[in-house]
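Subject: Structure handover

Hello,

I am passing on the structure we talked about. Please open it and keep it in view while you read the notes under it.

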Amino acid sequence: MVKRDPRKRNNFIVSWLFVLPAVLLMGAFLLYPLLSALRISFSEYNFVYSEKPVFNGLTNYIKLFQDPHFLVAFKNTIYYTLVFFPLFMLIALCLSLLLNSKVKGNGIFQTAILLPIVVPLSLAGIMFTWIFSQDFGILNHLLANVLHLPNLQRFWLGDTQTAMNSLIAVGLWKYTGFGIILFLSGLKAISSDIYEAAKVDGVNSWQNLFYITLPNLKGSFSLVGIWGIIQAIKVYDQVVVMTNGGPGTSTLVLYLYAWKNAFSFFNMGIGEAIAFFTAALAIIISVVFKFVLKPEKG
């Protein structure tokens, strides 16, 4: 019979004692609430009147697709994602390429571009509400008095044609800086020897970009893309602060509708079902995006 080394056993026990507080905290504040919310999503539960959740199977999820407001929120979220995501990727890539080049005053540009990251989105929403104001907003002031284009003035957040696009602009302002950081880290990881060898072979700047830089950024594209998809689908903060889903339902998005069901209509089961549907949507789209960008086998 093989005897175990008591020192290894003691080290194993001590290791688990060090890890145990973190495991307990994660279980108490992450895993348990998540499993509890998942259980509620399969239940009928009005937390004001009901004593406890009553299991009703897939009823809540079936009701979602019979609810016209949910379908509007789903459509708005998809629209936000389809507009936000390509603009986010393109702007972040272009600015990261610019910042990676040796341009005079690069430090000032980096500070200006990355500063929005540290601004809370709720505060940014208040700031942009003033900027987009119809009566005293700086945007309408610039259009009318500086650019002399009064016909372009709008009630940006009160017009169904411009409200969602205004929210997308705020999201781009807030999140693009983080995408730039991720792309810059990928650009710094590309060996300069590759560019030196290409220069010797007479490769021009455009060929460098399309045949060296972009292929070597595939991992960064995957990381930035998945992060951008998640930020787009879980859009909530600026919507609450700036429009609260209006005008009408033109900016109603999934997470806002989940909150309204849970805490305004007191239908926690439907609210949790919407939240888990939104999370599943983000995961599915992220997996598809990751699959599209998977490395080619040589």
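Predicted model: local features only at pLDDT ≥ 70, side-chain atom pairs only at ≥ 80, totals over all residues.

The largest pocket

The largest pocket holds about 470 Å³ of space. Its lining is made up of 16 residues. Those nearest the centre of the pocket are Asn100, Tyr195, Ser205, Asn208 and Thr213. By type, the lining residues divide into 7 nonpolar, 6 polar and 3 charged.

Which helices supply at least two residues each to this lining? They are H3 (68–100), H7 (163–188), H8 (192–200) and H9 (205–216). H9 gives the largest share, with 5 residues.

Helix H7

H7 has 26 residues, and at 1.5 Å a residue it should span 38 Å. The C-alpha atoms at its ends are 38 Å apart, which agrees with that expectation. H7 also bends, by about 40°, at Tyr175. Of its 26 residues, 19 are buried, so the helix is largely enclosed by the rest of the structure.

Aromatic rings

Searching the whole structure gives 21 aromatic pairs. In one of them, the rings of Phe178 and Trp227 have centres 4.6 Å apart and planes at 40°, so this pair is tilted. Phe178 is in helix H7 and Trp227 is in helix H10 (residues 218–233), so the pair ties together parts that are 49 residues apart in sequence. Are these two residues buried or partly exposed? Phe178 is partly exposed, because its relative accessibility is 29%. Trp227 is partly exposed as well, with a relative accessible area of 21%; the cut-off for buried is under 20%.

Another pair is formed by Trp259 and Phe263, with ring centres 5.8 Å apart and planes at 45°, so this pair is tilted too. Both residues sit in helix H12 (residues 254–264), and because they are 4 residues apart there, about one helical turn separates them. Trp259 has a relative accessible area of 39%, so it counts as partly exposed. Phe263, at 44%, is also partly exposed.

Finally, there is a cluster linked by ring pairs: Tyr80, Phe84, Phe88, Tyr175, Phe178 and Trp227. Two of its members have come up already in the tilted pair, Phe178 and Trp227, and Tyr175 is the residue where H7 bends.

Best wishes

Terms used: Residues numbered from 1 in each chain as written. Heavy atoms only, no water. 1 Å grid on protein atoms, 1.4 Å probe; cavity = no way out; pocket = protein on both sides within 12 Å on 5 of 7 lines; lining within 4 Å. Points joined across faces, edges and corners; volume = space filled by probe spheres on them. Nonpolar A, V, L, I, M, F, W, Y, C, P; charged D, E, K, R; others polar. Expected span 1.5 Å × (residues − 1). Bend = angle between axes of the 7 residues up to and from the residue. Buried < 20%, exposed > 50% of the residue type's maximum accessible area, 1.4 Å probe, protein only. Phe/Tyr/Trp six-rings, centres within 6.5 Å; stacked < 30°, edge-to-face > 60°.
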